[in-house]
Every structure is written in C-alpha cells, then in structure tokens.
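Subject: Handing over a structure, with notes on its side-chain contacts

Dear colleague,

I am passing the structure below on to you, and I would be grateful if you could read the notes after it with the structure open beside you.

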Amino acid sequence: MKAQLVPATLLSYPAEMQDLDWNDLRFVLALQRNGTMAAAGRATGVAETTVARRIRSLEAKMGGPMFHRTPDGRCAPSDVGQIVMNYAVRMEADAGALADAVGRLRQHVSGTVRLTAVPIIANRVLVPVLKVLRAQHPNLCIELIPEARNLNLTLREADLAIRLARPSSGGMDVIARRIGSLSYGLYVPAGTADQNELDWIIYEDSHAHLPQARWLSQAARAGRGTPAFLRVADAETALEAIAAGLGRTVLPRCAAAHDERLAEVVPTLRQQLPEREIWLLSHARQRGLRGVQAVGEWVAGISY
C-alpha cells in the first residue's frame with residue numbers, strides 16, 4: 001500500500017490548526033476584515049450570533065481569546081488571534097491556488113479575487129465595465145471593496161488594490177506597477193450660470209494632504225464666492241453634493257465626465273488642476289495565479 005503524501009504547506013501548520021475546519025477559520029478573517037460581528041455576518045451570509053458562536057468555539061480550541069474590543073467598538077485580533085489569522089490567510093491562499101490549478105486543467109479562469117479601490121473609482125469606473133471582465137471570464141467571482149483606507153494585501157484583505165499614489169510600504173511582499181494617471185476637472189451643477197456664486201466643497205482636515213484637497217483650499221482662499229459650506233471625506237460624496245446643487249469642487253474626469261447632472265468649467269484660479277498617479281498593487285505570493293492575473297490585466301486596460 002502506498003504511503004499517503006501530505007502537502008508540505010499542511011505539515012507547516014501547527015497541530016491545532018490541522019484539526020480545524022476552514023469553514024470555522026473563515027469567520028476569523030471575516031471579523032478581522034469587517035471589524036464587527038454584525039458586519040462579519042453580513043460578509044459571510046450568516047447571522048451575527050453564528051459568527052460569535054464559531055469564534056467562541058475556536059477560542060476554546062486555541063485556549064485563549066482571539067479578539068478584543070477597541071475604543072471605537074471594533075474587534076481587533078489578540079496575540080492568539082493574530083497567529084490563527086496568519087495561518088488562516090495562508091490556508092485561504094492555498095485554497096485559491098488549488099482552485100486556480102483546477103481551472104488550468106479545465107482551461108478556464110476561476111476562483112474569487114478581492115479587488116479594492118477608493119469608492120469613486122470602484123463605483124464610477126470599475127462597475128460600469130465589469131461586464132467586460134464577466135464576458136471574458138464567466139467563472140470568476142469578483143469581491144469589489146470600495147474602501148478609502150489602504151487594505152492589507154499580506155492579510156488578504158484584498159488580492160489587488162488600486163491606489164492613487166506610489167506605495168510607501170509593503171516591501172518585497174508587494175508588487176506595484178503604475179497603470180495610468182488620474183486627471184481632475186472643476187465641476188459644477190449642470191446649468192450653472194456663474195460658478196463664482198457657488199460654495200466650495202472641500203475636504204475635511206484628515207484628508208487635507210491630498211493634492212485635490214490642497215488645490216481646493218487654495219482656490220477657496222484666493223477666489224471669489226462664498227466660504228465652504230460642506231467638507232467631505234471622499235470624492236463620491238463630493239460628486240453627489242454637486243449633483244444636489246450644493247456647490248463646486250474638483251473631481252476625477254473619468255468618474256464625473258459622463259454624469260449629466262454635472263458640467264465641467266474652466267477654473268478662474270490659474271493654478272494647474274491636480275493629477276494623480278494610478279498604481280496597481282498585488283501580493284508576491286499570488287504571482288502567477290490566473291484569476292488575480294486576469295483581473296489585474298483588466299484593471300490595467302481600463303481607460304482612466
């Protein structure tokens with residue numbers, strides 16, 4: 001009788017982890033990625049009480065609490081939880097590699113790819129052309145995450161990330177390539193007769209470092225018009241505010257140019273309008289996975 005071969009990756013897991021079911025471990029990742037039991041339940045399609053019960057069961061096996069509450073009410077991993085999560089991420093990646101290998105045998109791209117971008121890019125640029133990717137790879141599942149914060153690729157909070165600046169962290173684990181530029185225009189509500197009669201819509205203080213926020217601050221100080229009535233935290237909110245007639249602001253042209261509720265105007269401020277680099281980030285561990293590669297090629301081919 002032939003000896004049973006055990007994959008080397010499985011042998012590298014501690015004994016406790018080898019006895020656990022992935023269906024339990026996925027709740028650890030869901031809680032880490034979503035922050036609360038309720039949000040983790042929505043992400044996994046189960047009740048909040050189910051998430052809590054599965055986490056408690058894992059904690060009993062691990063011999064200690066895996067999460068603790070932060071001052072803002074979110075769940076953050078303990079030392080035990082971090083260890084379990086690191087192995088769970090590896091198991092999730094291995095499962096993705098398995099699906100990719102089977103897909104190769106079947107001559108199609110399959111599996112799940114988690115893609116994140118700031119909300120206005122996710123909603124206004126990616127979603128309208130997702131049907132192209134679906135037609136090319138109908139067996140793929142895309143998890144699109146509109147998120148302004150930088151998700152952790154190492155923990156597989158995302159497989160691919162679209163960022164609007166050159167990455168400054170990640171080291172050798174993160175692969176980054178520039179895929180384009182994001183140009184901005186000044187937009188007002190459609191039908192506006194005099195842009196100088198409009199309020200400025202600017203960014204709140206925690207986003208004051210962004211190029212578009214700096215441009216707006218200077219315009220609001222130097223130009224005519226009323227002071228800023230509204231401060232926002234993202235361009236998606238700013239776009240809807242313009243459509244509602246609340247003022248004027250700068251927006252990415254690729255997201256705003258096709259919205260009939262808006263009109264682009266020439267700014268009275270002579271300062272050049274902002275432009276930002278677009279970068280696509282992936283994790284080195286997933287280099288060669290056909291699903292991640294296919295989505296990356298699709299993202300890079302979009303006109304921004």
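Predicted model: local features only at pLDDT ≥ 70, side-chain atom pairs only at ≥ 80, totals over all residues.

Residues are numbered from 1 along each chain as its sequence is written, and side-chain values use heavy atoms, with hydrogens and water left out.

The structure contains nine salt bridges, a salt bridge being a side-chain nitrogen of Lys or Arg within 4 Å of a carboxyl oxygen of Asp or Glu. One of them joins Arg 124 to Glu 240, whose closest N and O atoms are 2.4 Å apart. This pair links distant parts of the chain, since Arg 124 sits in helix H7 (residues 119-126) and Glu 240 in helix H10 (residues 235-243), 116 residues apart; helices here are DSSP runs of type H or I with at least four residues, strands are E runs of at least two, and both are numbered from the N terminus. Arg 124 is partly exposed, with a relative accessible area of 21%, and Glu 240 is partly exposed at 33%, where buried means under 20% relative accessible area, exposed over 50%, and partly exposed in between (1.4 Å probe, protein chains only).

A salt bridge is also found between Glu 277 and Arg 178, with 3.2 Å between the closest N and O atoms. Glu 277 belongs to strand E11 (residues 275-283) and Arg 178 to strand E6 (residues 174-189), so the pair ties together parts that are 99 residues apart in sequence. Glu 277 is partly exposed at 27% relative accessibility, and Arg 178 is likewise partly exposed, at 44%.

Arg 261 and Asp 259 also meet through their side chains in a salt bridge, at 2.8 Å from N to O. Here Arg 261 is partly exposed, with a relative accessible area of 36%, whereas Asp 259 counts as buried at 12%. Salt bridges that share partners bring Arg 124, Glu 236, Glu 240, Asp 259 and Arg 261 together in one network.

As for the cysteines, a search of the whole structure for disulfides finds zero, a disulfide being a pair of cysteine sulfur atoms within 2.5 Å. Cys 141 is partly exposed at 38% relative accessibility, while Cys 254 counts as buried at 16%.
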